[in-house]
Amino acid sequence: MQKVSRLPQFIERLKLHSRAGVMMALLFFAGSLTPSMIPRTDLIQGILSGLATALGYGIGLSVTATWTFLQLPPAKGLIARVIATAATLACAVVALAALLKMPDWQNSVRLLMGLEAVEIGSRLRTALVTALVFLMLVLLGRLFRFCFVRVSTTFERFVPVRISYAIGAIVATTLFWFAAEGILLRVALRVMDSSFQELDALVEDDIPRPTQPGKTGSPPSEVSWDNLGRQGRRFVSSGPTEAMIRDLFYGETVEPIRVYVGMNSAGTAEERAELALRELMRTGAFERSILIIVVPTGTGMVDPAALDTVEYLHRGDVASVAVQYSYLASWLSLLVEPTYGSETAVALFRAVYNYWITLPRDDRPKLYLHGLSLGAMNSELSADLYDIIADPFQGALWSGPPFTSRTWRSVTNGRDPRTPEWLPRFRSGSVFRFTNQKNALDIPGAVWGPMRIVYLQYASDPITFFDTATLYREPDWLRPPRGPDVSTEIAWYPVVTMLQLAVDMAIATTSPMGYGHVFAPEHYIDGWVAVTDPPNVTADDILRLKTFFANRRTGSGTD
């Protein structure tokens, strides 16, 4: 007798019992509309809600599939149908109420950051985008189910039914994962990497090649102006001049030294680091009072807010050096080649440090580290404590460290339990201190040691405070007291909150300056003062400098 496949019966039962999927979809939709760290546009909110709705629907279907797979009896009868219908209607009411409440929730974040309130019409636009994204994902789900059915039906001829189900699920999942991650994502990222490399090599006509011999990329420089890349050219040609510093500070001033080596300047990280060292020596960087080793972001960008402020504080008596390791945004750089950044950071630090320790201690610059975002994480990795403990560098200012940063994570987890995650205090405060929009570095009774390390971080920065554990538990930064830029309307929901934070990471740099992952220059100043202890700088000088940078970025003052 021919064997009758029970797989179609299983699929039909699954389709008949998808009410759990609908209820979970409605609840996930409602949860996705609640606020999180970063303000969202209607488009971003719609994409997020579409993803969340599809995820909730998938979870509901998975529960139903597991129930059916285990051959547990379905709920039947009039009472069961009434309860199921009432539960579905209740979920629909929750979803509708959340959609009506959405503008108020979003405005609770926007008003904290000084943004205009969203319009009432955003509800309809969000709902339309949500529906479109949800339908696209459902179609992908049906394609997955088609693959699962075909494979399972084929194997059912040779193995028991439940084993054929498992094989079908494994094969379908593998195919989709391979297509999404193994082929499409990798190829797309490689193409983007190549495109960004070509774009990076383009010379911008509005940035002229420097003629001063002390500038990287000038005629005497070993580093070609064309090979600096867009970010390198911007870094070298920007920043305060000696005349600009002299307009703000009295006394002796000098022109800051900035050295940058692009990826096209040499073939390997070690070669680029050695080229950077020769350029530092050529420009007289080791004759300055302080030398800063900078690890740029994934695109090669060095935050001008960080370097401009320290150059003003030290009246130009600063040299800084950076070496590019990628053309992509930080998160893309991590996906394409996660080791490039750390390898380059280590090579640059070793090259500079090994030369620096050969100089007389009384006749060499103080050595500091700096990095923003992915640059902060790679800067942490650049120096091994055991290699430098006999002759350590003087300190570091790291801003917006990613949640994967090992040193930051260790210090944060080891904080005084009476302090919040977004502004921790670590032991005596002699080595590590944290600050944000408001200076929090003056800790009563704390005395700095020989090495000073400051983290500048905002409580509303998802790149710093994302945590996969939010999948199943409330994060520490949501517990009171909350950060000054975190809405009191934010609540934790299993799975949904983690999805919200993942989207927040992707749009973290769309926040206004001074929030999220965009750091204001005036907030760097207290960190640099604490780390580098600039001489002959008074409280009035610091206030004047903060006002100068605040006015410059808001357009309320002159340069």
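**Ground rules.** I noted that this is a predicted model, where local features need pLDDT of at least 70, side-chain atom pairs count only at pLDDT 80 or more, and totals for chains, interfaces and linings use all residues. Residues are numbered from 1 along each chain as its sequence is written, and side-chain values use heavy atoms, with hydrogens and water left out. Helices (H or I, at least four residues) and strands (E, at least two) are DSSP runs, numbered from the N terminus.

I found an open sheet of 7 strands in the order 1-3-2-4-5-7-6, with parallel pairing. Two strands pair if DSSP finds at least two bridges between them. Strand 1 (257-261) and strand 6 (432-435) are at the edges with a single partner strand each, so one side of each lacks a neighbour in the sheet. From one strand to the next, the twist averages 15°. I then returned to the strands of my opening question: strand 2 (residues 290-295) pairs with strand 4 (residues 366-372) in the parallel sense over 6 bridges.

**A helix on the sheet.** Helix 18 (residues 521-532) packs on the sheet and touches strand 2, strand 4, strand 5 (395-399) and strand 7 (452-456). Touching is contact, meaning heavy atoms within 4.5 Å. The direction of helix 18 makes about 170° with that of strand 7; axes are lines fitted to C-alpha atoms, for helices over the stretch in contact, and angles run from 0 to 180 degrees between N-to-C directions.

**Two helices together.** I looked at helix 12 (residues 340-356) and helix 13 (residues 374-382), which pack at an angle of about 50° with axes 8 Å apart. The two helices are therefore oblique to each other (under 35 degrees counts as roughly parallel, over 145 as roughly antiparallel, 65 to 115 as roughly perpendicular and the rest as oblique). In helix 12, Gly341, Ser342, Ala345, Val346 and Phe349 meet Asn378, Leu381 and Ser382 of helix 13.

**Aromatic pairs.** My search of the whole structure gave 17 aromatic pairs. Rings of Phe, Tyr and Trp (its six-membered ring) pair if their centres lie within 6.5 Å; planes under 30 degrees apart count as stacked, over 60 as edge-to-face and the rest as tilted. Phe434 and Tyr455 are a stacked pair, 5.2 Å centre to centre with 20° between the planes. Phe434 is in strand 6 and Tyr455 in strand 7, 21 residues apart.

**A backbone note.** Pro480 and Pro481 are joined by a cis peptide bond, with omega about 0°.
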